Amino acid sequence: MGAERAPNGSGRTRFALASSPVAYDVNMARGDDRFDIVTLVVRAREGDIAAFEALVDEYERKLLRFAWRTLGDRQDAEDIVQDTLVQAWRSLSALNEPAAFGTWIYRMASNRCTDVLRRRAARPSDASDPDDMGHHPDGAVSVERSVEARTALDHFTEVLQTLSSEQRVTWVLHQMEGLSYAEVATTLGISEGSVRGRIHRARTAIAEGMQGWV
Amino acid sequence: MSDDAAWETDDHLRGVIDEYMGAFEPDPAETVGLRERILDIVREDLARGPSTRLSTPRGNPFTIATAAVRTIVRDAVDAVDGIRGRSVSLTPAGEPEGTAAEVEVTVAMRAGIAFAPTAEVIRESVAAALTEQLGIPATTIDITVEDVYEAEETEDG
């Protein structure tokens, strides 16, 4: 039957095994994935929409959770996730190492979160003075709550807003999303020492800010 | 490390952080709209994507979305047991140009698959799909195995 289909007998075959990808990026937790991350990225890069959908399913909620916890605002977080994943789709061909897809999109989302936090900090109404924090317009704390009814959670949410943009993104990635110092460093493109420094300063600020509450 | 240890021992603060994390945990049902917005944009992009110029055996040219050509080839590759299609490239060939095609594919292969006979199955599958769906023969089909994956429980039954 091979002889009947003359053209298909020709062509080269070869093995070219890639080096092992970083463990953090190939963590496909869900059981229903038919394909590994590299296969999905390579296929999506060539316009396979089903492969890109699988990537969205894998990362959308993780990114949303990260952005929401970092920004404290659901709408801002959704905007960042949409922007990040659409940008990822459009610039997939720029991703040289498909196995690094996870790190790559976390970096894009982190940068966008930092930008949003910086823009907030630049607005005159967004004072970072602890006495003023109850009136933060973008906080998750509902404004109708009276000062008396405030919980430790409300107070913590406000203390988080006193951290610098960089400290906050770094601290959320490590403390809440469970990335190691090394993984945070790779994600943000900074040294592990810088990660340690930021997290240490963030923790000190949180501990001080929470005095009397916990 | 000592920094981590000191931090973790504060149970009350740990409790507040856990509460915060729980409060900012998106409900899967609430992300459906976001997912659709993203995929709508992607589908629009795809509709404006590149196209490939091919030709009927009589020399009448036609164009088809490159993504669609790749899907035909990719599906034919995926149909082979133990093979996952990755990259697909199809170059118009023949005389006049576009009456045939040169195909290059990269694949991931399940561990334990005998590659040489499987490569022939892939070639037959791809050549048959191109003939049936586009009416053009493949002059060459190059196959590169770039990864090997372990069989999953569900796959072997």
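Which side chain does Arg65(A) meet in a salt bridge at 2.9 Å, N to O? Keep that in mind while browsing these close-ups of a predicted model.

**View 1. Arg65(A) and its partner within chain A.** The side chain that Arg65(A) meets, at 2.9 Å from N to O, belongs to Glu177(A), and the two form a salt bridge. Over all chains, the structure holds 31 salt bridges.

**View 2. Arg65(A) reaching chain B.** Here we look at Arg65(A) again, now with Glu25(B): their side chains meet in a salt bridge at 3.8 Å, N to O. Between chain B and chain A the count is 13 salt bridges. There are also 20 residue pairs in polar contact between the two chains, both residues at pLDDT 80 or more.

**View 3. The contact between the two chains.** Together, chain B and chain A bury about 6000 Å², with 56% of it on carbon and sulfur atoms. As for the scores, the model comes in at ipTM 0.87 and pTM 0.81.

**View 4. Chain B and its two domains.** Chain B splits into domain 1, residues 2-46, and domain 2, residues 51-156. Their C-alpha centres lie 40 Å apart. Chain B averages a pLDDT of 90, and 91% of its residues score at least 70.

**View 5. A cis peptide bond in chain B.** Zoom in on Glu95(B) and Pro96(B), which are joined by a cis peptide bond with omega at about 0 degrees. Most peptide bonds are trans. Pro96(B) lies in the loop between E3 and E4 of chain B.

**View 6. Confidence along chain A.** Where in chain A is confidence lowest, and where is it highest? The lowest is strand E1 of chain A, residues 13-15, at a mean of 70, while the highest is helix H3 of chain A, residues 74-90, at 97. Chain A as a whole averages a pLDDT of 81, and 74% of its residues score at least 70. Over residues 18-32 of chain A, pLDDT stays under 50, and the model has 27 contacts beyond four places in sequence for them. Residues 126-146 of chain A also stay under 50, with 29 contacts beyond four places in sequence.

Notes. Residues are numbered from 1 along each chain as its sequence is written. Chains are lettered from A and ligands numbered from 1 in the order in which they are written. Side-chain values use heavy atoms; hydrogens and water are left out. Buried area is the accessible area (1.4 Å probe) that two parts lose on being put together, summed over both. A salt bridge is a side-chain nitrogen of Lys or Arg within 4 Å of a carboxyl oxygen of Asp or Glu. A polar contact is a pair of N or O atoms within 3.5 Å; within protein, one must be able to donate a hydrogen and the other to accept it, and residues adjacent in sequence count only if both atoms are side-chain atoms. Domain bounds come from an automatic or database domain assignment. pLDDT is the predictor's confidence in each residue, from 0 to 100. Helices (H or I, at least four residues) and strands (E, at least two) are DSSP runs, numbered from the N terminus. Contact means heavy atoms within 4.5 Å.
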